[in-house]
Amino acid sequence: MDSSYPVNASHKSLLEEVNQASGETIQNCYQCQKCAAGCPVNFAMDILPNQVFRHIQYGHRDKVLSSKTIWLCASCHACSTRCPNSIDIAKVMDTLRSISNRSGLAAGEKDISLFHRFFLKLIRFTGRTWEPGFGLYKLQTGGLPGMMGWAMKLFFKGKIPIFPTFKGGKDLKRIFKESEREGVL
Amino acid sequence: MKELSYFPGCSLEGTSREFDESVRGVMAQLDTRLHELPDWSCCGATSAHCIDERLAIELPARNLAIAERSDRDLLVPCASCYSRFKAAEHEVRDNGKKTSFPYKGEVAIRFALDYLSDPAVMAEVSKRIIRPLKGLKTVCYYGCLPTRPPKLTGIKDYENPQHMDRLVEQLGAEVIPWSYKTDCCGASLMVTRPDVFIKLVGKILSKAKETGAEAVVVGCSMCQMNLDTRQEDVEADLGRRLDLPILYFTELLGLAMGHPDVKKWFKRHFKDPLPLLSAKGLM
């Protein structure tokens, strides 16, 4: 039971919080399960997308925000495109990841959540994606040796730049400041 | 001569270099001059919109504001950059979101696949075809972001898109209809959950193979990287060889129009397309 977390710090139910942050209306879901049926990652999820919606309606904050599902969503938009009630489900998943990331609750997929923060921190300094930087992520989460053969082959095909480019300096520093202050990263 | 602004995006400087090279090559053949945006930066990709709604708008807006310094349309080959740019455009233009950059939502954002498959541009291509791709059996794989969400991409037949099929057919190749053209390759899980990712790519590649296609044509840099450079892992997972070259539509345009660098582009692939293309008499 999640009864100890029926509301957030500003006394909003999870339903109110998600509706407001996403601009969508979660109550419009009538559990047709079209989102779950067409989801390419459904086999790896702990709760299906339609179940996420029902849990939000019931205010099961922990269940939703600690689920693997919200991080496994690949943002392919098949669900949003097909929802008969025009709910932008992929956008709701973004909202849930964002709330989960700020909530202090342990993420259901710790490594995926870490990856997004890692990716953004990398951009903050290099301005453009710099593939060797992901090696540091894999070093932290394990699995670096398994990727080395592939990475070396990419390198010899001329597809991995040795040095980062450093673009957008001042602008990026400025726009990332707020996110750093809010503890998003 | 036509002129366009150009945002290559990070992957086109790295894992998708042959996409950048072939886009530039083909546009030059079509007498279109590309002006790369000065000091462009990452669009924020999947990570920004996943955890930071504000950065998800600010990062694209920075680049779009640079593009708005000229009157030219902006050509974007990467589906992820294109999707993030269209999302930022929608938020600023239709939802009145403010950004800290002087972006007004006015620059026309053109996805390379949409731009080059436009009938007017294809008419220009047709005049320049010197080597029709006769006998090459292909399937066209669109992936997710080139068509979805349709409210951003404007693609009407998003469940069974046809524009890449028409383009490849016009180049003379055979295009086989199939049911997996808009399934997701799981790009965002490639680094973090390779076990899940490999199943998604495996389904797409084995279904492509089942159609009898000899190559898969793509319009997205992440789709190409995943289907090509991870194909060996998929083969290990499935326990059988697939040997499917994964070709950018721009590489096929260059091949059909006789671009001199085609071989150089193909050399960057993991699954070498040269034996297939030589056997067809196309190289």
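1. A quick word on terms: two residues are in contact if their C-beta atoms, placed from the backbone, lie within 7 Å. With that cut-off, 40 residues of chain B are in contact with 45 residues of chain A.

2. Before going on, some housekeeping. This is a predicted model, with local features needing pLDDT of at least 70, side-chain atom pairs counting only at pLDDT 80 or more, and totals for chains, interfaces and linings using all residues. Residues are numbered from 1 along each chain as its sequence is written, while chains are lettered from A and ligands numbered from 1 in the order in which they are written.

3. Back to the side of chain B that touches chain A. Helices H2 (45-51), H3 (53-67) and H9 (194-210) of chain B are the elements giving two or more residues to that side; helices are DSSP runs (H or I, at least four residues), numbered from the N terminus. H2(B) gives the most, six residues.

4. By residue class, that side of chain B splits into 17 nonpolar, eleven polar and twelve charged. Nonpolar here covers Ala, Val, Leu, Ile, Met, Phe, Trp, Tyr, Cys and Pro; charged is Asp, Glu, Lys and Arg; the others, Gly among them, are polar.

5. Now inside chain B: there's domain 1 (2-114) and domain 2 (130-279), with bounds from an automatic or database domain assignment. Their centres, taken over C-alpha atoms, are 23 Å apart.

6. Between these domains of chain B, 26 residues of domain 1 are in contact with 25 residues of domain 2. On the domain 1 side, H1 (17-29), H4 (79-93) and H5 (112-117) of chain B each supply at least two residues, and H1(B) has the largest share, with nine. That side divides into eleven nonpolar, ten polar and five charged residues.
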